[in-house]
Amino acid sequence: YTGKQNAEILSDKVKTITVDHYKSRPVVVNESSSVYEAITTMFLEDVGTLFVVDKDSTLTGVVSRKDLLRASLGQKSLETIPVGIIMTRMPNVTVCYEDDFIIDVAKKLISKQIDGLPIVRKTGRGSGLEVTGRITKTNITSLLVDLANNESI
Ligand code: ADP
């Protein structure tokens, strides 16, 4: 083998790995939850991004750490501000599907300068999406470690 052939083998392997292999469980809050509740959930669940859903469990937005910090700098009481008014709202949320390739997710994280994406599937009710998972920079770091260890993936 030459070095180049090995690099090609690795590259081909990486391009076949789907989101499904490296996903985490999603943590969701309702649109009507307060900023205070969202901050508490973030600490308790130990995640950096919360997905926001409506009463039908359809994805409506995303709330990040900095979104919550920004809201906390305002004058209003954090118990009275719903996350629905500070979140990044659909259709501006970048999503992915279970069978998407992880390399394409990694490219989206870089181009959009975000930490993670919700993994979704179509609900069957209208154009709604339900959240089935979460994929973040941490999951992609795990993939890098597995590749370095030459684990079967
Ligand atoms: P932080 O804001 O804590 O640095 P991010 O870099 O992930 O975390 O988020 C940056 C901004 O992008 C935030 O305003 C957040 O609401 C938004 N954001 C986060 N994830 C997504 C996503 N999947 N699609 C669209 N916007 C997102």
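Which residue just after α5 takes a positive phi? I began my entries with that point, bearing in mind throughout that the model is predicted, and I found that N150 is the residue, with a phi of about 60 degrees.

**Helix α5.** Helix α5 covers residues 137-148, and at 1.5 Å a residue its 12 residues should span 16 Å. I noted 17 Å between its end C-alpha atoms, which agrees with that expectation.

**Overall layout.** I listed 5 helices and 7 strands in the protein chain, and read their order from the N terminus as α-β-α-β-β-α-β-β-α-β-β-α. Taken along the principal axes, the C-alpha atoms fill a box of roughly 65 × 35 × 25 Å. Of the 153 residues in the chain, I noted that 21% are buried. When I looked at contacts between residues at least 6 apart in sequence, I found that 61% of them join residues at least 24 apart.

**The open sheet.** I traced an open sheet of 4 strands, ordered β1-β2-β3-β4, in which the pairing is mixed. The edge strands are β1 (28-30) and β4 (88-89), each of which pairs on one side only. I followed β4 to its partner β3 (residues 59-64), where the two strands pair in the antiparallel sense over 2 bridges, and I saw that V62 stands opposite T88 of β4.

**The nonpolar core.** Next I looked up the largest nonpolar core, which has 24 residues, and wrote down V19, L50, V52, V63, V83 and I135 as those with the most contacts inside it. At least two residues of this core come from each of α2 (35-45), β2 (49-53), β3, α4 (102-112), β6 (116-122) and β7 (129-136), and β2 gives the most, with 4 residues.

**Around the ligand.** Which residues come nearest to the ligand? Of the 15 residues around the ligand, I recorded S64, R65, K66, T88 and D115 as the nearest. The elements that give two or more residues to this shell are β3 and α3 (65-73).

Methods:
Residues are numbered from 1 along each chain as its sequence is written. This is a predicted model: local features need pLDDT of at least 70, side-chain atom pairs count only at pLDDT 80 or more; totals for chains, interfaces and linings use all residues. The expected span of a helix is 1.5 Å times one less than its number of residues. Two strands pair if DSSP finds at least two bridges between them. A nonpolar core is a set of buried Ala, Val, Leu, Ile, Met, Phe, Trp, Tyr and Cys residues joined through C-beta atoms within 7 Å. A residue is buried if 20 or more other C-beta atoms lie within 10 Å of its own, exposed if 12 or fewer, and partly exposed in between; C-beta atoms are placed from the backbone. Two residues are in contact if their C-beta atoms, placed from the backbone, lie within 7 Å. A residue is near a molecule or strand if its C-beta atom, placed from the backbone, lies within 6 Å of it.
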